Amino acid sequence: MGEKSAGSHKGEIKGSLNRRILKSTTLNILVLVIVCCVIMALSMQSLANSILLDSLQPMVRQSAKTVEANIHMLADRLMEIAADPRMNPAGQEDKSLSRQEILEEAAEIYELHTIALYDMDGRLIQGIDGAPDSLDSGFFALLKETDNLTIHSSTIFQGKLGITMGMPVKEGEETALYVVGVYKYDTLNDVISSINLGRRGMAFMFNQEGILTGHPDQSLVLAGSAGLNLGDKNQGLSGRVITGETGAMEFSSDGEKMLAAFSPVRGTKWFLVIQIPKSDYSHLINGAMAMAVVCTAAVLLFSILLVLRLSRSISKPVKDVTSRMVALSDGDLHTEVIPVRSKDELEVLTKTLGDTVESVNRYISDIQQVLTQVAGGNLQVEPQVDYKGDFALIRSSLNTILKSMNDTIQGFGDAATRLADMSEELNGQSGQLYQASMDQNQSAEALVNEVSNVKERLSSVTESSSQTRMKTEEIGQRIQEANSQMEALSKAMDDISANAQEITKIAKAIEDIAFQTSILSINASVEAARAGSAGKGFAVVAGEVKQLASRSAQAAQNATDMVNSTRAIIRTGVELTADTAGSLKAISSVSHEISAISDQLVTAVQGQEGALIVMEERIGAISAIADRNLQNAGGTEQSSGLLAKEAEALQYQVKKFVLKGAGNR
């Protein structure tokens, strides 16, 4: 699933990068193309206007000059007619005939509608058919004012189109007549009709009043139509035309954009205008624009193909780099990075990625070598690779880890040494404790045996004390019967002497028991001191036993003394048999004392028996404690042995590590 996810992720990256490059570049190119097309369209429109206007100006000027040349040609002809000597009134007999011939000849030769002579008042003198009787007042006034060639501003003559010209006929220096001729319109029509621009482009002329004087459609001239729409919108154009300026400009006529060039016709009051609707050239501009758009689309398609190729040339190395980086993130450090020889950032990127992978391989190999040496117990190893940049932290961390492990293992070694020493010492102490526990257990067993012996002996003492008491009672009875049984006195004395000997033996036995009990108490005190806090109770018992032994010894001594006294009395009784009666009272008293002593001895022996029972119980407890101490000492000795083995194993493991500055520890 992880590989699948990584693969799909790489596919998404590739598609996204191609789409982004293609989309972004295509969008940029498309926006650039649209902007360029708009700018180009506007520029072409402006350029076409400028070119047309710049082209129309010399054209209209040249056409105006052509019209001027034709007018001059007509004027020259009229001037020749006016300068003909036959037109001079002086020196001619039949002037009217000569003038008529000249006029008819001129009308025929120069294609005139009519030609006539007028006097100084503008009245007809002589002319061919159709000559007006009088001249137009405005035209005549201008003719008189200029006293030179004058051209009528209107081209309409008697319902026909023509060019009316007037010329003074001189007689000397003075004007005598005026010759006025109306040339046919063909002279202007040839020039105006020959100017064909576009589908609806044309040339026309109008006078200062804005009335057409020349137009390809002669009916408009005959109708006296206006040459320009001189409304408010075209006041600038009409003003520039009427002032005699030569120029070109754009204007609107009936909602349509027009281009016009204008120039005055010198020597006349006419103005030549060449007018072209912009729409006549729009199809050319549109065709050029369409061609430009087609070419631009082709260039755009070619650019998109180039961009697609470029995007693939970029995305493929990026895909390879991305795949390698994904593999690197998955832990692949061995796959080679495919180099790109593009001499740009991609080459730097792939080279940098390759260097990075190589560096990471070196670092990981160095780390592996260090960890392998550490795993083998060599803590003197050091990183061998020069870690660059932030990777220097790895070298620092490795050195820190090695130093920490050196210190830790060295601490383990020191602790193992101390633990081994402590285990040896503990082993020795546990052996001593085990031996002491065994001795204590043996002493406790011996003490139990001694207590049992003392107990048995005390039983004998008790029995002897009972017998002594019985004997004492018997002595009392005999003393009471002394008077009647004097014969039995000697036997009684013997019995008393025998009993005294037994008492002496018993006292001796009690002294021996007291002496052994004292020794037992001393041993018990020593063992209690050895046992420490566990032997405090036993020390108390030992003290009680010692006191009991002391009292027993004292009682035995007293018994011995009393027996000795009794033996002395018996001797005295034997020796002083004669004095028996007198001594009976004393013997009775002594008997009572002996009875009391016997009671005390019995009580003391019974107390010793109770003390021995308590001592036996406590010695049993001491013996149990000694047994547990012996078991614990054995367990401690065994544990100390195991601890010593573990310390040796720890030292063996620590010695496997080679530490810095410490040799093989």
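**Notes on the predicted model**

1. I begin with a turn: β10 and β11 form a hairpin in which 4 residues lie between the two strands, and G267 in that turn has a positive phi of about 85°. Helices (H or I, at least four residues) and strands (E, at least two) are DSSP runs, numbered from the N terminus. Strand β10 (residues 256-265) pairs with β11 in the antiparallel sense over 8 bridges, where two strands pair if DSSP finds at least two bridges between them. Within this pairing, F262 has V273 in β11 as its bridge partner.

2. Residues are numbered from 1 along each chain as its sequence is written, and side-chain values use heavy atoms, with hydrogens and water left out.

3. On confidence, the protein averages a pLDDT of 76, and 86% of the residues score at least 70; pLDDT is the predictor's confidence in each residue, from 0 to 100. The mean is lowest in strand β13 (residues 663-664), at 49, and highest in helix α3 (residues 137-146), at 88. Over residues 1-15 the pLDDT is below 50, and this stretch has 5 contacts in the model beyond near neighbours in sequence, a contact being heavy atoms within 4.5 Å. Where pLDDT is low, the predicted coordinates should not be read in detail.

4. As to overall composition, the protein has 12 helices and 13 strands, and 36% of its 665 residues count as buried. Buried means under 20% relative accessible area, exposed over 50%, and partly exposed in between (1.4 Å probe, protein chains only). Among contacts between residues at least 6 apart in sequence, 62% join residues at least 24 apart.

5. Strand β11 (residues 270-277) is mostly covered, with 8 of its 8 residues buried. W270, L272, I274 and I276 point one way from β11, while F271, V273, Q275 and P277 point the other way. In a regular strand the side chains alternate between the two faces of the sheet. β11 also pairs with strand β7 (residues 202-206), in the antiparallel sense and over 5 bridges, and here F204 stands opposite V273 in β11.

6. Strand β9 (residues 247-253) has 5 of its 7 residues buried, so it is largely enclosed by the rest of the structure. β9 and β10 run antiparallel and are joined by 7 bridges, and the bridge partner of E250 in β10 is L259. These two strands form a hairpin with 2 residues between them, and D254 in the turn has a positive phi of about 55°.

7. The structure holds 3 aromatic pairs, where rings of Phe, Tyr and Trp (its six-membered ring) pair if their centres lie within 6.5 Å, and planes under 30 degrees apart count as stacked, over 60 as edge-to-face and the rest as tilted. F140 and Y178 form an edge-to-face pair, at 5.7 Å centre to centre and with 80° between the planes. F140 lies in helix α3 and Y178 in strand β6 (residues 174-184), so the pair ties together parts that are 38 residues apart in sequence. Both F140 and Y178 are buried. The rings of F204 and F206 have centres 6.3 Å apart and planes at 35°, so this pair is tilted. Ring pairs link F204, F206 and F271 into a cluster.

8. The largest nonpolar core has 61 residues, of which I115, I163, M165 and V179 touch the most other members. Helix α1 (residues 2-83) gives the most to this core, with 12 residues. A second, separate core of 17 residues includes I506, I513, L520 and L601. A nonpolar core is a set of buried Ala, Val, Leu, Ile, Met, Phe, Trp, Tyr and Cys residues joined through side-chain atoms within 4.5 Å. Not counting residues up to four places away in sequence, M165 touches a set of residues including I71, L74, F139, V179 and Y183.

9. A last point concerns S303, which is found in helix α7 (residues 279-329) and is buried, with a relative accessible area of 17%. The C-alpha atoms of S303 and I29 are separated by 8.1 Å, although these residues are 274 apart along the chain.
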